[in-house]
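Hi,

Here is the structure I promised to send over.

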Amino acid sequence: MPSPARDSRSNDDLIRANRGFYESLWADAHLMEPQRFNTWPLVRELVAAAPRRLEVAPGLRPRLPLEDTCFIDLSHAALRQLRARGANAAHGMIGALPCANASFDLVCALDILEHVADDEGALRELARVAAPGATVLLSVPLHQHAWTAFDEFVGHCRRYEPDRIMTLLAQHGFTIEQSAVYGMQPKSSRLLELGQWFLVHRRQRAMWWYNRVFMPLGVRFQKPLQWRDGMGDTEGVDELLLRCRFSPSD
């Protein structure tokens, strides 16, 4: 279970931790095209019926097409590159999206809910900007017992138990239609510990290796996503990608 120190981290503390980590990460990275990720077959299928699209906190790894998608990110380094590629990109956070109500048919927010203190507030914002019937793509890390020091280092404040994330989504109008095992986290705890040591003590060198070697290799050897109905079996699963349908309660 998380320690009291993690539980008590303020929203400002989390914002500072995430800004520090990701600003440094994206400052020395290049934008990767959405077509390079294993999410692209699904995205390609969805965009034809979703002319109004939003992706929250893509960094320099957007999953939705750069053209005709609105991107919201906290990192100025990421925003500069997105805009240089012609993308519509604005500064903001998931808890206070600078977007009108019911304005998007497809909303993507990967690897973000676990980073915010008020995840219910974040889901309320996603529900606010999603149009009735919108598709919402989310990813979350699972199982609190799988928590490592690396979770805290990269700015996580929780992992989700499967029943908890299902209940939380349902309370905000999101129904899980499909899910797939997701993420590229190494299975070796020693490798994670080594990576964390370098990020603390040799940060510039670690970022160079991550951006130029490990991330390109991880993308190159991604496996196709295997979709299953609903949540599916989550035993031993580190992270899930969820395809949800938004249905407002009123």
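Let's start at one end of the sheet: 2 bridges join strand 6 (residues 174–181) to strand 7, and the two run antiparallel. (Strands are DSSP runs of E with at least two residues, helices are runs of H or I with at least four, and both are numbered from the N terminus; two strands pair if DSSP finds at least two bridges between them.)

Before you read on: this is a predicted model, where local features need pLDDT of at least 70 and side-chain atom pairs pLDDT 80 or more, while totals for chains, interfaces and linings use all residues. Residues are numbered from 1 along each chain as its sequence is written, and side-chain values use heavy atoms, without hydrogens or water.

The whole sheet is open and mixed, with 8 strands in the order 3-2-1-4-5-8-6-7. Its edges are strand 3 (88–91) and strand 7 (228–229), each pairing on one side only. Helix 4 (residues 76–84) lies across strand 2 (69–73) and strand 3.

Now E114, in the loop between strand 4 (104–109) and helix 5 (119–129).

On confidence, pLDDT (the predictor's confidence in each residue, from 0 to 100) averages 85 for the protein chain, and 76% of the residues score at least 70.

Cheers

Definitions and conventions
Contact = heavy atoms within 4.5 Å. Axes fitted to C-alpha atoms, helices over the stretch in contact; angles between N-to-C directions.
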